[in-house]
Amino acid sequence: MSAGGTEEMAGSVPAIGDYALLSDCQGCALVSRSGRVDWACLPRFDSPSVFTRLLDPAAGHWSLAPAVEPVRSRRAYVEDTMVVRTEHVTEQGRIAVYDALALGPGEHGHQIGHASPHVLVRIVEGLDGEVQMNCEVQPRLEYGLTVPVWALEPGGWRSRGGPVSLVVSSDSELRADGGAISGTFSIAAGHRECFALQVGSAWKEQVSPLSLREIELLLERTIEGWQSWAELHGGYDGPYADRVRLGGRVLQALTYSPTGAVIAAPTTSLPERIGGVRNWDYRYAWVRDASLTLQALWVAACPDEAGAFFAFFATAAGGELDGASALQILYGIRGERHIPETTLDHLAGYLGSRPVRVGNGAWNQLQLDVYGELLAAACQLAEQVGQFDAASSDLLVSAADTAARRWREPDEGIWETRGGRRHFLYSKLMCWVALDRACRLAPRIGAGERVDRWEAEAARIRDAILAEGWNHAIGAFTQSFGSSDLDASALMLPIVGFLAPDDPRVVATVEAVAEHLTDDRGFVYRYRAGDGLAGAEGTFTMCTFWLAQCWAMMGRLDAARELFEAAAGCANDVGLLSEQIDPADGALLGNFPQAFTHIGLINAAWAIAQAK
């Protein structure tokens, strides 16, 4: 198995790194290297899954693969797109499979995802010889709870069952059995077989099956749409340009275009350790992740995207950011506040990792760092945004006022620990960032009269961090005031400009993290202290990129490159990274692919470019 885990694991359950992401900027699917769609949330990222085999072998999939084991297979995203092309070579011949979530008419550039038709397209193309193929479409709706009934009609099949209507378009001869439709066909060189799965409401006007040519046009349009987006976002030409550009497309693929919300990851309950209980639902919009996404893309960020981002949070938050209407750390992709966490006990979990969770109980946690992330994004993107509208300006002013008023309170911290509130250093740091950036933005957001007060409060936060965040016995900044525990989030001190990279306290902290919070390869754990949760986790890839970024800022370019390349080298064969990496074998762990990780990659690459 490669570091990214691109071979199927025991029991025919692929490694997390075996999957490629498909997205129409509204919903998602994960397709394995062997040609099986094991996860699909359509029409939205947060919809109950249509295929759920990722979390239970009996919970639904769509397999489209050679009838005999291929001699070899290789795949890649079609250039500058999120369309996957997989080539299988068998003893009988060679074929290519194109997989995509289709974009709608006129979806080019900034408009991709605005009118997605919610169609999963799969096209098989014969290249050499003649290859026998198997196709099995076995949806299990609502996270595996509903088995559909199929009815044959001209041009395909239609399902009935649950709130979702499915239409499978195909010219191949398929048969229905046990809630699935399946069949075998041969594909010769120069020929194509086209399939499409349309997802809609069972209670609205029904769509008709698509013709072969209509499916081909959907694929062509989707490739053109993604390439037009990439053309607008190709400004970075520094080190690791291919990885940075892919990271940008992944972040766009995790954006819910109708609102501008950026999800943390398209999956739920992929474990931080196999068999463990640290399994969370990441299909929501974290203020932190979304803010950092825009910052990571600031070189190529455009007014449309930045404006949509601020409009989403201004709309979702509403009113003053205090009391019952305080800015939450996460929202639903359409701005929902209430995201209760429940468990799906009927699902076995990924390789037995239970519980499987839907929703996220962190929605009502207090995490004071979010004000800093929001204002940092606004400050970095001010030129792209131009003049902030009234709602966005009010949001930013209220965020700064709230940081000034509440920074002295304990909170749950960036890592959403469930062991009680503390005075986390990172939270204080980001409250300082909130006020520092608000002062810079004041003329743009109509807050000139507040600058003196914001500057005074920022100075108080700074004094508190320097006095109480530094542990003389440890010789480093620590996780929380009065603590002796190290935390990788202290790496952000130089990154946000609180202290210079060559400040002796920064150098000591970075070196302490590198010595005490890393595995044998130098990959970084978030912390080693107790956090109120059972079980262990892997190294946190975002933190590893933070360390590489710090090395670059400190002028230690060789160390930065070495660590960056080692961490980036854990990506799977199509360049995707998950939340964490298994310290035992380098396999990808946690929800996948994760925005946070690709943000870290982009920022570290940029820091290395700047250091050069």
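## Ground rules

Contact here means heavy atoms within 4.5 Å. This is a predicted model, where local features need pLDDT of at least 70 and side-chain atom pairs count only at pLDDT 80 or more, while totals for chains, interfaces and linings use all residues. Residues are numbered from 1 along each chain as its sequence is written, and side-chain values use heavy atoms, with hydrogens and water left out.

## T518 and its surroundings

Setting aside residues up to four places away in sequence, T518 touches V513, F523, V524, Y525, R528 and L547. T518 sits in the loop between α12 (504-516) and β25 (539-540); helices (H or I, at least four residues) and strands (E, at least two) are DSSP runs, numbered from the N terminus.

Is T518 buried or exposed? It is buried, with a relative accessible area of 15%; buried means under 20% relative accessible area, exposed over 50% and partly exposed in between, using a 1.4 Å probe and protein chains only. The T518 side chain also reaches the backbone oxygen of A514 at 2.7 Å. That pair falls under the polar contact rule: N or O atoms within 3.5 Å, where within protein one must be able to donate a hydrogen and the other to accept it, and residues adjacent in sequence count only if both atoms are side-chain atoms.

## Q328, another loop residue

Q328 lies in the loop between α5 (303-317) and β20 (330-331). At 9% relative accessibility, Q328 counts as buried. Leaving out neighbours within four places in sequence, Q328 is in contact with V287, R337 and W363.

With R337 there's a polar detail too: a polar atom of the Q328 side chain lies 3.1 Å from the backbone oxygen of R337. Q328 and Q365 are 37 residues apart along the chain, yet their C-alpha atoms are separated by 7.7 Å.

Which peptide bonds are worth checking for cis geometry? One joins R354 and P355, with omega at about 5 degrees; P355 is in the loop between β21 (342-343) and β22 (357-358). Another cis bond runs from F592 to P593, with omega near -20 degrees, and P593 is in the loop between β27 (588-589) and α15 (595-611).

D80 has phi near 60 degrees and lies in the loop between β7 (72-77) and β8 (84-89). At 30% relative accessibility, D80 counts as partly exposed. Y143 has a positive phi of about 60 degrees although it is not a glycine, and its place is in helix α1 (residues 141-144). Y143 counts as buried, at 8% relative accessibility.

Why is strand β16 (residues 192-201) described as largely enclosed by the rest of the structure? Because seven of its ten residues are buried.

Strand β10 (residues 119-138) pairs with β16 in the antiparallel sense over seven bridges; two strands pair if DSSP finds at least two bridges between them. On that side, V124 has E193 in β16 as its bridge partner. Strand β13 (residues 164-170) also runs antiparallel to β16, joined by seven bridges, and S170 stands opposite F195 in β16.

## Empty space

Rolling a probe the size of a water molecule over the atoms shows where empty space is left. On a 1 Å grid over the protein atoms alone, a cavity is a set of points where a 1.4 Å probe fits but cannot get out, a pocket is an open set with protein on both sides within 12 Å along at least five of seven lines, and lining residues have an atom within 4 Å of a point. Grid points are joined across faces, edges and corners, and a volume is the space filled by probe spheres set on the points.

## The largest pocket

The largest pocket has a volume of about 570 Å³. Its lining has 25 residues, and the closest to the centre are Q295, Q380, I495, V496 and Q549. By class, the pocket lining has 15 nonpolar, seven polar and three charged residues. The largest share of the lining, six residues, comes from α15.

Terms used. Ala, Val, Leu, Ile, Met, Phe, Trp, Tyr, Cys and Pro count as nonpolar, Asp, Glu, Lys and Arg as charged, and the others, Gly among them, as polar.
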